[in-house]
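We will go from the whole chain to single elements.

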Amino acid sequence: MKKQTFLFSSAILILSALAAKLTGALFRIPLANMLGGTGMGYFSSAYGIFMTVYAVSVTGLPAAVAKVTAEKSALGRYADLRRVKSSALLFFSAAGLAFTAVTMLLAYPFCLFSGNGIAAVPAVLAIAPSVFFSCVTSVYRGYYEGLRNMFPTAVSQIIEGLIKLCSGLALCLIVLKNPHKFEGLFVYFKDAGDPLLPIAAAAAVMGVTLSSAAGTLFLILRDKIGGDGISPDEIVLSESEVDSRRTIISALLKTAVPIAVGALVTNLTSLIDLVTIMRSLGAAAERYPRYFAELSGNIPTSEIPNFLFGSFTGLAVTIFNLVPSCTNMFGKGILPAVSEAFAAGDKKQVRLSTEKAFFATALVSFPSAAGICVLSGEILGTLFPTKPLETEICTVSLSILGIAVAFLCMSSTAFAILQAAGRPDIPVKLMLAGVAVKLAGNLLLVRIPQLNIAGAAISTLICYAVICLPAMSIAAKMTNSDNSYLKGIFCKICYCSVMCGGGALFVRNMLSETLGSLTLLIFSIFCGVIFYILTALLLGILTKNTLNLLIS
């Protein structure tokens, strides 16, 4: 059975993630231009609730299935592999149905509690079935990732992205272009500034559910037609040591539950934003009405918190999530390799895999963070040209979140290594500390009128810094990685990234009066990349040895 190397696996997942994120950006950016800050507030509320349930029911599942599958494969217990897949499908499909029902039942009370009221309920109901489809999808993805075959995950991600893009935008546009067909529903949303926006947001969210269903259907058909590459002879030879379904599900839950708890804690940052930002902004707007009236233009006072929250999550957070969603693939690519190495007792391979993952993540995330930080205004202005007020409001927030990108990316890779090492409890503990920082930061900073939503960005930055540094240190120690090598390479990449950001900023300032916004952004990014590559070559970061480290 042929397996893919770490770099090849990560490359497949990164390319698919880039394609998925490109389609995701092509979905959310036009959507933000159509719905504006207020409509994106409803959309983001649904996503915030959905991601909390998703974290509990789905997030730990691919990693758990991948880890158990990789261990069974390393030991040659191929008959167990098939039972891992079938047992996981039975158990987690039922769990997915249960969590979908819970999401629907809690939609109304939670929307009232968060401050958005009934206007966000249709979007939550529309996205709830995605939990079930995601559970089924995650089992198949985790199974093939554990066999070091990343193609099923990659193709399903691309399919989901394309379906979401086409159906989500189309459904939203149909609603916005035909308001007369939905006038009967306006009575339920009379408190919203525009009663059509809650319906349009729900239509856009329905595209997410349809995309999840399409991804699930592809994986089922791919598994039935293509198979997993394990020959009947390999199955027969290992049939004498088949574990019971109970033993397999217990092993899956042993890994999945701590990861799910960690993911829940991770998503608590989004949930905290959902619950605290609007309430804190509402309190600040009541106390400083003149300041917020000038800040938000003609937005009604009652809609200001939702408008600012929607602008922050719909614009700034959308850009913030692009880089981590790609570098997370290094973690997914490394998990099976490290799990196999631990199972086989290969300490050298554990160390090399860890160092490769950290190096690759830093190489991508550090310069990306610098670029987002210094070019936040140009990025937002180019991507959201029809929303100048939302763009102006979010520019400072995105600059701050740009710095947080590096901490989030590195902590995600460290978490994947710790999970592969059999210590998923450590990420949970670190995330709890980060969440406490996030909660305190939001409550203290968002209420300051001069900061408002930028306060949430600052608390996010501090939160991920608190998480990242100890996570990396513990992961390096557990895998016997060379700390002096890692510190040296991180310092060099950090310096190169500062040069990248400085070069991009210099070019932007020099040509801001000469070039149009899109041309200026592209040219600034291009020059920043050139500065980064040249500096990396001069400092010996990009050498034959480092490239061999990644390829091997």
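What percentage of the 552 residues in the protein is buried? Buried residues make up 58%. Keep in mind that this is a predicted model.

**Whole protein.** Colour by secondary structure. You get 19 helices and 0 strands. Now think about contacts between residues at least 6 apart in sequence. Of these, 85% join residues at least 24 apart.

**Select 151–177 and 196–226.** These are helices α5 and α6. Their axes come within 7 Å and cross at roughly 155°. The cut-off for roughly antiparallel is over 145 degrees, so α5 runs roughly antiparallel to α6. The crossing of the two helices is right-handed. Show the side chains where α5 contacts α6. The contact residues divide into 19 nonpolar, 7 polar and 3 charged.

**Select 517–538.** This is helix α18, with 22 residues. Take the distance from its first C-alpha to its last. It reaches 32 Å, close to the 32 Å expected at 1.5 Å a residue.

Stay on α18 and show its buried residues. They are Leu-520, Leu-521, Ser-524, Cys-527, Gly-528, Tyr-532, Thr-535 and Ala-536. Look at the spacing along the helix. An α-helix has 3.6 residues a turn, so residues three or four places apart point the same way.

**Last stop: Gly-540.** This glycine follows α18. The phi of Gly-540 is positive, near 80°.

Terms used. Residues numbered from 1 in each chain as written. Predicted model: local features only at pLDDT ≥ 70, side-chain atom pairs only at ≥ 80, totals over all residues. Heavy atoms only, no water. Helix = DSSP H or I, 4+ residues; strand = E, 2+ residues; numbered from the N terminus. Expected span 1.5 Å × (residues − 1). Buried < 20%, exposed > 50% of the residue type's maximum accessible area, 1.4 Å probe, protein only. Axes fitted to C-alpha atoms, helices over the stretch in contact; angles between N-to-C directions. Parallel < 35°, antiparallel > 145°, perpendicular 65-115°, else oblique. Left-handed = near helix turned anticlockwise from the far one by under 90°. Nonpolar A, V, L, I, M, F, W, Y, C, P; charged D, E, K, R; others polar. Contact = heavy atoms within 4.5 Å.
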